[in-house]
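I opened my notebook to jot down what I looked up.

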Amino acid sequence: MPYALTAKEKGFKGIFIPVENADEAALVEGIDVLPVKSLSRIVDYFSGFSDLKPHQRKPEPVSGLADHGIDFSEVRGQLHAKRALEIAAAGFHNILMTGPPGSGKSMLAKRLPTILPEMTFPEAIEVARIYSILGLIDGKRPFSPARPFRSPHHTISDAGLVGGGSKPVPGEITLAHNGVLFLDELPEFKKNVLEVLRQPLEDGKVSIARAGMNTVYPSKFMLVAAMNPCPCGYLSDPHGKCTCTRPQIQKYRSKISGPLLDRIDIRIEVPKVPYKDLGSGSRGEASAVIRKRVDRARRMQAARFSKSGIAGNSMIQGRHLKQFCRLDTECEQILEKAVDILGFSARACHSILRTARTIADLDDTADIKRRHMAEAIQLRSFR
Ligand SMILES: [Zn+2]
């Protein structure tokens, strides 16, 4: 499929493909895929001795809900975290969850794709193309509408994460393209590995230089990170189980650099669910219900940014902040107060504005209101 797509982009009318790969390549529309068993069949074709016909295979339409096998309704309690993930999904914001072991951070993260909008056909093609390069494509369902979810272990190398090697191959961030990259136990990742994330987080693509060749892979993903509040994990434990010293905690947290944190708009605390909430019979809201709200907020953004080429609220930068995240006097005052009391930097304020924009979109309002600002500040208050 990548060959067929490339040939089409270069203006070729047809491409010869080994018979075994014809089904996959024929998913690309607008180019003739000619399946051959041997090179002599190509010679026959050009000598006029062949009745070789383009291979036909209709792509399966991208439709119907993706079956994830998991659902947000299975998560008990954690209303604050669920709301934060809904906002993150609606605006494509990166999010950091801090909480003790067993608070359900990874359970929540894994369910994020179930509330994200399904991929459009062009998005699904982009993803299928990447998976095809690595031979990971699902032949039966090459264009699944479900967004990718990747969760590499913290022992991963920088080449494994962003791609590379003597013969460059895409890394985890490219496999997460159009989907979610979940980094559990963020401070445990090697420092140099976290640093290489910065450029792709900004540009939505990664370029790898090897032996004089430059390869660019797409990597537009949503970063979901999780960490413990301290090395032992029990800093916020009400029974004082934490055994860490202050310098140990500081060292642990400083492993995540400021510039990386700057790219994470939403940072929340995920406490352990009290026993009484775990046992309560009430199920949470279903993913399909949440996704409807997310879809609507995304449509508002698509309409708003149709002329400015911005992908979503999380990508609003510079002069666009003033244009799209306008505040009334009351909201200005709230932000000013937050800066004075909580010591927010200019970058933090930008994050808050972007998040407030998304909350207003979820609320179906054109203007950012006081309640949106207050919630956005709350979503930024935790390191
Ligand atoms: Zn501790």
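I called two residues in contact if their C-beta atoms, placed from the backbone, lie within 7 Å. This is a predicted model, so I kept in mind that local features need pLDDT of at least 70, side-chain atom pairs count only at pLDDT 80 or more, and totals for chains, interfaces and linings use all residues. Residues are numbered from 1 along each chain as its sequence is written.

**Domains.** I found domain 1 (2-47), domain 2 (72-279) and domain 3 (316-378), with bounds from an automatic or database domain assignment. The C-alpha centres of domain 2 and domain 3 are 25 Å apart. Between them, 7 residues of domain 2 are in contact with 8 residues of domain 3. On the domain 2 side, H4 gives the most, with 3 residues.

**Helix pair.** I then checked how H4 (residues 79-91) packs with H17 (residues 346-362): the angle is about 95° and the axes are 9 Å apart. The two helices are therefore roughly perpendicular (65 to 115 degrees counts as that). The axes are lines fitted to C-alpha atoms over the stretch in contact, and angles run from 0 to 180 degrees between N-to-C directions. From H4, Ile87, Ala90 and Gly91 meet residues of H17, including Arg354 and Leu362.

**Ser257.** I found Ser257 in the loop between H11 (246-254) and H12 (258-261). Ser257 counts as partly exposed because it has 13 C-beta neighbours inside 10 Å (20 or more would be buried, 12 or fewer exposed). Beyond its neighbours within four places in sequence, Ser257 is in contact with Leu194 and Glu195.

Note on methods. Helices (H or I, at least four residues) and strands (E, at least two) are DSSP runs, numbered from the N terminus. Angles under 35 degrees count as roughly parallel, over 145 as roughly antiparallel, 65 to 115 as roughly perpendicular and the rest as oblique.
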